[in-house]
Amino acid sequence: MHGLVERRLRRTGWQPNIIAYAGYGAPGWARVLCRVLLGRPDTRRRGRLDKVRGWRSFATLPAKHVTVTIEADGVRQEVTADRSGFVDTVIEADFAPGWGCVRLSVADAEPVEALVRVLDPAVRFGIISDIDDTVMVTALPRPLLAAWNTFVLDEHARNAVPGMAVLYERLATAHPGAPVFYLSTGAWNVAPTLTRFLSRHLYPAGPLLLTDWGPTADRWFRSGREHKRATLARLSREFPEVRWLLIGDDGQHDPEIYREFAAAHPDNVAGVAIRRLSPTQSVLAGSLPAPAGRSSSGPIGQKWLSAPDGAGLWKLLREADLV
């Protein structure tokens, strides 16, 4: 049925187009992330401020099982998108440390370039950050308000968590070359919206590590917690020499997931910084309010910090000699 719909849409002018996400890698390899969707050619006027409602990000039609050609450093590789139109693959090529790019193309579509954050082999410190209620106020502990924020609000109505952009910029300045990865249980559908949000609020650029939206072979919805656990474990394998500062909030499962990762991979954790929600948000999330700003030891001696905003966390990070 899907193939029939796809053929009919193509006959009426719909075309495949590639949504490129920022990938990451090292000088000899890169992880490339993209999605192929079907849509009409963009005829909107240039310069128009695009008001994007959250639900539009989910009203998409994937071009499943199409062949995507990836070009980097003169090397061409063909991969097949999955049933949701996603590509998540590793290619081998020579990249210089910093930001590079690869070229992506499919039949009947304009080629696009995808950014790749290439880590210098000498880098020993990196940042992994949650998004919801860590850098962006989404009120995820309150399901109805979270749904409103995600599906109804214009993207420009979203607010940044106070002080977090300044905190990340200070960390990036204190550790030259350190990457910033944004790891979230959010769906890839909202990646363009999140990218614009991070840029608009002056967060350091970095790859988004999101998850597919929708059912799997054995459940209706994907497990966000398992996505975070699996991604953290993968990063520890891909960058065994890097020690990560893990930043999240106490409104969902970040402390639990980070504690498990720190216990399993103590050499890959420099510290954990948790943005503390307000007492009201904590109660609505089903937990007790956390104590005032503090520094403590994690499962294998790592520094665990807790504060309500970026300024408080920066103070604790300095006191803990993590910057």
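**Close-up 1. R259 and the ring of W304.** In this predicted model, R259 sits over the face of W304, with 4.3 Å to the ring centre.

**Close-up 2. The aromatic pair F239 and W244.** Searching the whole structure turns up 10 aromatic pairs. In the pair shown here, the ring centres of F239 and W244 are 6.4 Å apart and the planes meet at 70°, so these two rings are edge-to-face. The cut-off behind that label is a plane angle over 60 degrees. Both partners are out of the way of solvent probes in the sense that F239 is buried and W244 is buried too. Take a look around the pair as well: F239 and W244 belong to one aromatic cluster together with Y24, W29 and F181.

**Close-up 3. R35 in strand β2.** Here we visit strand β2, which covers residues 29-39 and includes R35. Is R35 buried or exposed? With a relative accessible area of 7%, R35 is buried, because the cut-off for that word is under 20%. What does its side chain meet? A polar atom of the R35 side chain lies 2.8 Å from the backbone oxygen of S84.

**Close-up 4. L313 and its surroundings.** L313 is part of helix α8, residues 310-319. Its relative accessible area is 0%, so L313 counts as buried. Which residues touch L313, once neighbours within four places in sequence are left aside? The contacts are M164, L167, A273, I274, R275, L305, S306 and A307. For a sense of the fold, find G163 too: L313 and G163 are 150 residues apart along the chain, and 9.1 Å separates their C-alpha atoms.

Terms used:
Residues numbered from 1 in each chain as written. Predicted model: local features only at pLDDT ≥ 70, side-chain atom pairs only at ≥ 80, totals over all residues. Heavy atoms only, no water. Helix = DSSP H or I, 4+ residues; strand = E, 2+ residues; numbered from the N terminus. Buried < 20%, exposed > 50% of the residue type's maximum accessible area, 1.4 Å probe, protein only. Polar contact = N/O pair within 3.5 Å; in protein donor to acceptor, adjacent residues only side chain to side chain. Phe/Tyr/Trp six-rings, centres within 6.5 Å; stacked < 30°, edge-to-face > 60°. Lys NZ or Arg CZ within 6 Å of the ring centre and 35° of its normal. Contact = heavy atoms within 4.5 Å.
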